[in-house]
Amino acid sequence: IILLTIVVRVCLFPVSRKSQIAMFRMQKLQPELNLLKERYKGDKQKQAAEQMRLFKEHKASPFGGCLPLFLQIPVFIGLYTALDTAIDLRQAPFALWIHDLSQPDRAYPLPFTILGQTHLNVLPILMLIPMIVQTALAPKPADEMAAQQQKMMMWMMPGMFLFMCYSMPSGVSLYWLVSSLWGLAEYRIIKKVWLK
């Protein structure tokens, strides 16, 4: 699973690099975008046309940051299906408290139920940490409303993944944890090498 994650992330590196560079370009364009909003306040069509011209001129895309995530979803679904259906992957231990990659990691028994589970599943919780850090490191938008949306997404997206992955096979959570850690390292490298 870790090797699969590394292979997927290496294959997606050109896309990730491009999307992160576009994200940083968007941040640099924010003052100009705010001027366009002010200048064409009454004419939304003209404002949109000028924004698209500005994006094209500076090779920036407002949607570029989502592409690497969407490209990983088929791998995520395929891994979930493989862990759920493949007999030879049943009871495949990994390390420490993970005794079966086709089941939730079930680290500690609990006296109550969380999301339908009677054990504390540690991997989905660990998975949140790099996701929150990655969102916190993302370029801050100059627009007040966009900044509030980014803050909300910083907690909403990881919370949604926790909810989705808490009762999934631990192999899926392991994939997402390694992918998120890789993403953090990738972010630092791209920022250092390509965004000087």
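**Salt bridges in a predicted model**

Good morning. The accessible surface of this chain comes to about 11900 Å², and 67% of that area belongs to carbon and sulfur atoms. Please keep in mind that the structure shown above is a predicted model.

I shall begin with the overall layout. The chain has 196 residues, of which 37% count as buried. It contains 6 helices and 2 strands. Read from the N terminus, the order of the elements is α-α-α-β-β-α-α-α. As for contacts between residues at least 6 apart in sequence, 69% of them join residues at least 24 apart.

I now turn to the charged side chains. How many salt bridges does the count come to? The total is 4 salt bridges.

Let me take the pair formed by arginine 9 and glutamate 186. In this salt bridge, the closest N and O atoms are 2.9 Å apart.

The next group of residues belongs to helix α2, which spans residues 44-58. Here lysine 46 forms a salt bridge with glutamate 50, and the closest N and O atoms are 3.6 Å apart. Lysine 46 and glutamate 50 are 4 residues apart in the helix, which means that about one helical turn separates them. Their accessibility can be stated for each in turn: lysine 46 is partly exposed, with a relative accessible area of 36%, whereas glutamate 50 is buried, with a value of 14%.

Glutamate 50 also takes part in a salt bridge with arginine 53, at 3.0 Å from N to O. Glutamate 50 and arginine 53 are 3 residues apart in helix α2, so they too are separated by about one helical turn. Arginine 53 counts as partly exposed, at 38% relative accessibility. Which residues do the shared partners join into one network? They are Lys46, Glu50, Arg53 and Glu57.

Thank you for your attention.

Note on methods
Residues numbered from 1 in each chain as written. Predicted model: local features only at pLDDT ≥ 70, side-chain atom pairs only at ≥ 80, totals over all residues. Heavy atoms only, no water. Buried < 20%, exposed > 50% of the residue type's maximum accessible area, 1.4 Å probe, protein only. Contact = heavy atoms within 4.5 Å. Areas by Shrake-Rupley, 256 points an atom, 1.4 Å probe, with all protein chains shown as cover.
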